[in-house]
Amino acid sequence: MAINYRSEEEIEKIRKANAIVVAAHKRLEEILKPGISTKQLDREAETVILDLGGRPSFKGYRGFPNTLCVALNNQVVHGIPDKTVLKSGDIIGLDLGAEREGYYGDAAQTLPVGEINEEALKLIEVTKEALMKGIEKMKPKAHLSDISHAIQQFAEENGYQVVRAFVGHGIGSKPHEDPQVPNFGPPGRGPVLREGMVLAIEPMVNIGGSDVEVLDDQWTVRTADGTLSAHFEHSVAVVEDGFSILSEF
Ligand code: MG
């Protein structure tokens, strides 16, 4: 396993790619409402990325057809945008990536559509907070699995389960690099974190069990028991005194 350690200059390039990702997310937040289709969201995200001089990095990656990965309600990640129209009460996971000048950004969030119930709202808030609990463990000399453990612990304290089958990853001059970043496990294991490591940390949290299944389209992942799932992701660098979120909204 070869982990890349990025210079400050490279980290700034990864931050610029992430700024494009964040701009696309902000646009999606503005237009998200009941009645819009996931395909419309995809087109809008692509327009923002291209307008800002980026390239949609998910499009064509291992054959994925779109700019945006969507995940509606009991879907976990990797759904393909289509004519599906969002309705009030839905929650929608939005994951997107962009490449600029050879460097990559990647971030995801789960948003409410119209009015959602308290159960769905709590899931979203806990998943977002679980991501921050993981990020807060990032500093030189910590272990990779300190991140994993903090995420799992916070999710489970709140009565939820983390998905095991999909994990976070290094990011930089490729959209997915070593190391893998699981959202579960004991602390104190795995690679020692060092200044210059850049990780895309992305907890997927389910109200029910942690098991997932892939649909016939070979992409869309949903919970095996049909319960709601939420997903948040940031690209984050290990820096001298801790961490720096490169996809800060
Ligand atoms: Mg990712």
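Visitor: What volume does the largest pocket have?
Guide: This is a predicted model, and the figure is computed from it. The largest pocket has a volume of about 550 Å³.

Visitor: Which residues are closest to the centre of the largest pocket?
Guide: The lining holds 23 residues. They divide into eleven nonpolar, five polar and seven charged. The closest to the centre are Tyr61, Arg62, His78, Phe166 and His176.

Visitor: Which element gives the most to the lining of the largest pocket?
Guide: Two elements give two or more residues each: strand 7 and strand 8. The one that gives the most contributes four residues. That is strand 8.

Visitor: Which residues lie closest to the centre of the second largest pocket?
Guide: The second largest pocket has a volume of about 230 Å³. Its lining counts 15 residues. They divide into nine nonpolar, three polar and three charged. Closest to the centre are Gln109, Lys128, Phe232, His234 and Phe249.

Visitor: Which residue in strand 9 is the bridge partner of Gly170?
Guide: Strand 7 (residues 168–170) and strand 9 pair in the antiparallel sense over two bridges. Gly170 has its bridge partner in strand 9. That partner is Leu199.

Visitor: And which residue of strand 14 is the bridge partner of Leu199?
Guide: Strand 9 (residues 198–201) pairs with strand 14 over four bridges, in the antiparallel sense. The partner of Leu199 in strand 14 is Val236.

Visitor: Which residue of strand 15 stands opposite Val239?
Guide: Strand 14 and strand 15 (residues 242–245) run antiparallel and are joined by four bridges. They form a hairpin with two residues between them. Opposite Val239 stands Gly242.

Visitor: How many residues of strand 14 are buried?
Guide: Buried means under 20% relative accessible area. Strand 14 spans residues 234–239, six in number, and is largely enclosed by the rest of the structure because most of them are buried. The count of buried residues is five.

Conventions:
Residues numbered from 1 in each chain as written. Predicted model: local features only at pLDDT ≥ 70, side-chain atom pairs only at ≥ 80, totals over all residues. Heavy atoms only, no water. Buried < 20%, exposed > 50% of the residue type's maximum accessible area, 1.4 Å probe, protein only. Pairing = 2+ DSSP bridges. 1 Å grid on protein atoms, 1.4 Å probe; cavity = no way out; pocket = protein on both sides within 12 Å on 5 of 7 lines; lining within 4 Å. Points joined across faces, edges and corners; volume = space filled by probe spheres on them. Nonpolar A, V, L, I, M, F, W, Y, C, P; charged D, E, K, R; others polar.
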